[in-house]
Every structure is written in structure tokens, then in C-alpha cells.
Amino acid sequence: MPDMIKSPADLKTAPFDARFPNQNQTRHCYQSYLDFYRCQKVRGESYEPCNYFKRVYKSLCPNEWVDKWDTQRAEGTFPGRI
Amino acid sequence: MNYNNNNHPFHLVDYSPWPLTGAIGVMTLVTGMIKWFHEFNLNLLMLGYLIVILTMYQWWRDICRESTFQGKHTIKVSKGLRWGMILFIMSEVFFFLSFFWAFFHSSLSPNIEIGMMWPPMSIITFNPFQIPLLNTIILISSGVTVTWTHHSLMENNFSQAIQSLFITITLGIYFSIIQSYEYFEASFTIADCIYGSTFFMATGFHGLHVIIGTIFLFICFIRLLNYHFSNIHHFGFEAAAWYWHFVDVVWLFLYIFVYWWGK
């Protein structure tokens, strides 16, 4: 459920991750995507804390990339290890 | 007849057509390569190969004549040739360095497009403890046998020099045969993502250098059988041995980083 943005205080984005300190956050996005689906695989789909990773990648990743990766996962051609 | 009317120990070479034919040859070769790429026609490339090979044969034959038969290679000349060979091998080191750079660039921080993993998913790598290990043993052994040849030469042990050089060449050929079998049996090709590219560029050029080194050693073998070398003057052989050790070292780097670490 998308949070309602009522004031500037509601604006949020992914927190600083020391593993990815530089301007190029590509790997941060990708790693979060991987981590969400790995978390889901290990803990099950109803495990709420996994959604942390989902919020991170939804915030950081271009939507086109997410769509492409979702399609690849569906087709079994996703190159990452989940 | 007194050839050296010089007040110096250096070799001022006689006029020779081979530098010119060599230049014409390599120009024909690379132009022929482009013609092959664009028009699928091999004729010019084959002509280029022919001119280059004829140049190499005749130029190096002339060097053997000038040194072994005419005695033009003084110690100073030999030292100059040593530096030349060292510099050439250094340039080859940098050549291989570029392929290793490409390999490490791609493998140390793999791109997201290949899943941030190395080797990329679905690439079935070679088991480093099977045939690649055999190849490593073969090349290291050939390094031992070529050193045996050198010591035999220096000790005037002609029969052992022939035996050990023969074994060295045989091991080199054995390596090439086994490696080409591996290439044939590989589950991936050069077109299979960056793994295939880096693997085949690095090992491919290495294989080419093994073949070149084997031919160099074989020429030394022929010269040895024809008594060209003395126990104190055999730089042609030493150059071949240095080149062979260089090829061996490159293989060790390939084995450790591409085959073993990279699996």
C-alpha cells in the first residue's frame, strides 16, 4: 500500500548503505532486488521484514529494470542467483 | 678471406632485401585479413602469409649464415641480441597484461547484466584439477627439460642435448594437442558472454605462443643436429629457451587465475 505523502516529512528514500558509498547506485539497486527475492525464498512470502529490501529497490531502481528482471525471473533467464 | 676489416666488434650487416619483403608481407597480410572479414575472400591473406613466412625463413637463415658460418657474431653482438630478445619478451608480457586486465576487470566486479557473479550463471567451467592440471605439469616439465638441454650444451654433452630438446618439443606438441581437444570439448564458446571472450582471448593467444615457441625450439633442434652450437656460443638456443620459459609463466598465471580462481 503506497504511503500517503501529506508533508515533506513523509518523503523517504533508501538509507545510506556503506557497501555502496559512491554516486553510482546501480549495484545497490540490484543487490536489494536480489536480497528481497532471496529473503522471500528463505522466509516465505508473508514475512514482513523482507519488504525493507523491496522498498529500497522500488526507490532506487529504474522501473524498466525491475520490469525486465521480473520478466526474466518468470521466463527462467534471470542471471542472478536467488 | 678476412671479412672483418673493422676496428670494432660490431656487425654492420650487408644489404638485404628481407626487411622490405617483410614490410610488404605484413602489409599484404593485414590488408588480406580485412578483405577476408569484409568479402570472405582468403586469397590476399594467403599471399600475405606466404610472403611473411618466406621472409622469416630467409632472414633467419641469413642470420645463421652470418653467425655460425661467417663468424660475425662477436660477444658484443651476442649481448646486443640478448637485450633485443629481452625487450621483445617484455613487449609480449605487456601484450598478455592487456588480456589479463580485461579478465580481472570483468571478473573482480561482475556486471549486474551477468548477475554480479563469476563465473556467470550457466557457464560450465573446466575443472582445474583435470586436464588443465595435466597441461600445467606438461609445461613445467618442459621447462625442466629445456634447462637440461642448456646444461648439456654447456657441458658439451651432445647426445643428452638432443634427447632433452627432443623431449621438450614433444611436450610442447603434447600440450597443443591436449589444449585443442579441450577447445573442441568446451561447453562454451568465445561468443558466450564476457566469460567466453576473456577465456578464449587469453588462452587462445597463449596457445599461439606455445606453437611459436615449439617451432623456435624445433629450429634449434635442426641447428643442433647440424652442429651449429658450441658449448660457449649458442644464443639462438638461449633465446628459444627464454621464450619457452615466458610461455610457461604465462600459462601458470592463466591456470591460477582464469582456471582455478575463476571457477
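How many salt bridges does the rule find across the interface of chain B and chain A? The rule finds zero salt bridges there. The structure described here is a predicted model.

## Interface of chain B and chain A

Chain B contributes ten residues to the contact, and chain A likewise contributes ten residues. About 830 Å² of area is buried between chain B and chain A, and carbon and sulfur atoms give 64% of this area. On the side of chain B, the residues that lose the most area to chain A are B:Ile112, B:Met116 and B:Met121, which together supply 60% of what that side buries.

Although salt bridges across this interface number zero, two residue pairs are in polar contact across it, both at pLDDT 80 or more. Sorted by class, the side of chain B that touches chain A holds six nonpolar residues, three polar residues and one charged residue.

## Annotated region of chain B

For chain B, an unreviewed UniProt entry lists residues 6-263 under "domain: Heme-copper oxidase subunit III family profile".

## Salt bridges within chain A

Over all chains, a search of the whole structure finds six salt bridges. One pairs the side chains of A:Arg19 and A:Asp17, with an N to O distance of 2.8 Å. A:Arg19 counts as exposed because its relative accessibility is 52%, whereas A:Asp17, at 17% relative accessibility, counts as buried.

Another salt bridge in chain A joins the side chains of A:Asp70 and A:Arg73, at 3.0 Å from N to O. Helix α3 of chain A (residues 63-75) contains both A:Asp70 and A:Arg73, which are three residues apart, about one turn of the helix. A:Asp70 has a relative accessibility of 26% and therefore counts as partly exposed; A:Arg73, with 31%, also counts as partly exposed.

## Salt bridges within chain B

In chain B, the side chains of B:Glu39 and B:Lys35 form a salt bridge with an N to O distance of 3.6 Å. Both residues belong to helix α1 of chain B (residues 18-39), where B:Glu39 and B:Lys35 are four residues apart, about one turn of the helix. B:Glu39 is exposed, at 52% relative accessible area, while B:Lys35 counts as partly exposed, at 30% relative accessibility. Elsewhere, B:Arg61, B:Asp62 and B:Arg65 are joined into one network by salt bridges that share partners.

B:His206 lies in helix α6 of chain B (residues 193-225). Is this residue buried or exposed? B:His206 counts as buried because its relative accessibility is 1%, and the limit for buried is under 20%. Leaving aside residues up to four places away in sequence, B:His206 touches B:Phe96, B:Leu139, B:Phe175, B:Val247, B:Val250, B:Trp251 and B:Leu254.

One of these residues, B:Val247, also places its backbone oxygen 3.0 Å from a polar atom of the side chain of B:His206. From B:His206 to B:Asp248 the C-alpha to C-alpha distance is 9.3 Å, and the two residues are 42 residues apart in sequence.

Terms used. Residues are numbered from 1 along each chain as its sequence is written. Chains are lettered from A and ligands numbered from 1 in the order in which they are written. This is a predicted model: local features need pLDDT of at least 70, side-chain atom pairs count only at pLDDT 80 or more; totals for chains, interfaces and linings use all residues. Side-chain values use heavy atoms; hydrogens and water are left out. UniProt positions are given in the numbering used here, feature names are shortened, and annotations may be inferred rather than shown by experiment. Contact means heavy atoms within 4.5 Å. Buried area is the accessible area (1.4 Å probe) that two parts lose on being put together, summed over both. A salt bridge is a side-chain nitrogen of Lys or Arg within 4 Å of a carboxyl oxygen of Asp or Glu. A polar contact is a pair of N or O atoms within 3.5 Å; within protein, one must be able to donate a hydrogen and the other to accept it, and residues adjacent in sequence count only if both atoms are side-chain atoms. Ala, Val, Leu, Ile, Met, Phe, Trp, Tyr, Cys and Pro count as nonpolar, Asp, Glu, Lys and Arg as charged, and the others, Gly among them, as polar. Buried means under 20% relative accessible area, exposed over 50%, partly exposed in between (1.4 Å probe, protein chains only). Helices (H or I, at least four residues) and strands (E, at least two) are DSSP runs, numbered from the N terminus.
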